[in-house]
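Open the model in your viewer and keep the selection tool ready. The tour goes from one selection to the next and says what is found at each stop.

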Amino acid sequence: MIVITQPNATEEQIQRIITRVREFGLEAQISRGASRVIIGVIGPEALLREKQIATMAGVEAIIPVLKPYKLAARDSRGASSVVVGDVRLGEHEDVVLICGPCSVESREQILSISTIVKESGAKILRGGAFKPRTSPYSFQGLREEGLRFLAEARMKTGLPVVTEVMDPRDLSMIEKYADCLQVGTRNMHNFSLLKEVGRSRLPVLLKRGFSATIYDLIMSAEYILNEGNPNVILCERGIRTFETATRNTCDIAAIPVLDEMTHLPVILDPSHATGKRSLVPALSRAGVAIGADGLIVEVHPCPEKAISDGAQSLTLESFRQMMRDLQPYIRLWKEQRAAKQAAAVA
Ligand code: PEP
Ligand code: MN
């Protein structure tokens, strides 16, 4: 970190800043310019209380040298991939489709959806057994029964399963059945939950909070990584804005931004981003075209009977059609990915 003093800072103020830096157990390297003094702070950044220094008399600015998200940062690792079951996401040669219903509603429902989405090219099955609902009176999920149905669908199709964890108290049960833990938009800031999933052996699909900045999302990923779990997938799922034509506003730029800032795989959720079935194929094409590592898409055999998120769920037929329409985009994605990987090796 570098501390820059104000042009009119007195010698006494400068000395007080230097003393404070040393009190933290850090070294201060002083360079005197014509009107300002620059104090280079050397040593472990964790020792420093940056905000305390920032409020001291005579300080004009503090410039961090290291990124606060040191584990997630692109420059910390270059690139990484995450394996869910036996499916690799990230530095890989294919776009990964994660598909299934919003909620697991019955054994028949999840078994039939899983077979059909697999036939159309899905690589991972999604389905909520614990549902975060705005109203406490809405369906809350089938809980362990839903997890058992998901595990049965995996047995039948071979598709690994991603499902949401809302409460650390449910984690050990969910870990028995799932291949990947989803942390939903409402829990992106639940730091105790993030720490718990950070201690899990399972990868984590972390969705962006609907009022969270990209920086907030990365810092939440950092919580998980910091607990020792290196397998985090980031998901853009739309944010709240003044726009009401869609359920959320899809921040499509978040995908290349996250790719520049972090080494983690990034996927798009076109279902929650739009809230509207008719818009999901267009957003899916946009996600693939912009280089997302995967898509998470809600599909239901009979959306008008879905217990949650029917309006944004694709029918089985519209899902098949979408997958056909995505193929030219996927081909282009593969060419671009191969070129990027070749450039990285050269
Ligand atoms: C979901 O995937 O069904 C879900 C509840 O997502 P989000 O947390 O993004 O709203
Ligand atoms: Mn949903």
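Donors here are N, O and S atoms within 2.8 Å of the metal (3.2 Å for Na, K and Ca); water is not among the atoms, so sites may look incomplete. Select Cys102 (SG), His272 (NE2), Glu298 (OE) and Asp309 (OD): these coordinate the ion at 2.1 to 2.4 Å. Cysteine 102 lies in the loop between β7 (96-100) and α4 (107-119), and aspartate 309 in the loop between β14 (294-298) and α12 (316-345); the two are 207 residues apart, so the pair links distant parts of the chain. Helices (H or I, at least four residues) and strands (E, at least two) are DSSP runs, numbered from the N terminus.

Before moving on, note that this is a predicted model, in which local features need pLDDT of at least 70 and side-chain atom pairs count only at pLDDT 80 or more, while totals for chains, interfaces and linings use all residues. Residues are numbered from 1 along each chain as its sequence is written, chains are lettered from A and ligands numbered from 1 in the order in which they are written, and side-chain values use heavy atoms, with hydrogens and water left out.

Stay on cysteine 102 for a moment. Is it buried or exposed? Cysteine 102 is buried, at a relative accessible area of 3%. Buried means under 20% relative accessible area, exposed over 50%, and partly exposed in between (1.4 Å probe, protein chains only).

Next, select strand β12 (residues 232-236), where five of five residues are buried.

Two strands pair if DSSP finds at least two bridges between them. Strand β11 (residues 204-207) pairs with β12 in the parallel sense over four bridges, and lysine 207 stands opposite cysteine 235. Follow the chain from β11 through helix α8 (residues 214-226) to β12: this β-α-β crossover is right-handed. The term means that, with the strands pointing away from the viewer, the path from the first strand over the helix to the second runs clockwise.

β12 also pairs with strand β13 (residues 266-268), in the parallel sense over three bridges. There, isoleucine 267 is the bridge partner of cysteine 235. The chain passes from β12 through helix α9 (residues 254-261) to β13, again in a right-handed β-α-β crossover.

Then select glutamine 182 in strand β10 (residues 180-183). Glutamine 182 is buried, with 5% relative accessible area. Leaving aside neighbours within four places in sequence, the contacts of glutamine 182 (heavy atoms within 4.5 Å) include Arg126, Glu164, Lys207 and Ile296.

For the last stop, go to the open sheet of four strands, in the order β2-β3-β1-β4 with antiparallel pairing. β2 (27-32) and β4 (59-63) stand at the edges with a single partner strand each, so one side of each has no neighbour in the sheet. Strand β1 (residues 2-5) pairs with β4 in the antiparallel sense over four bridges, and valine 3 has isoleucine 62 as its bridge partner in β4.
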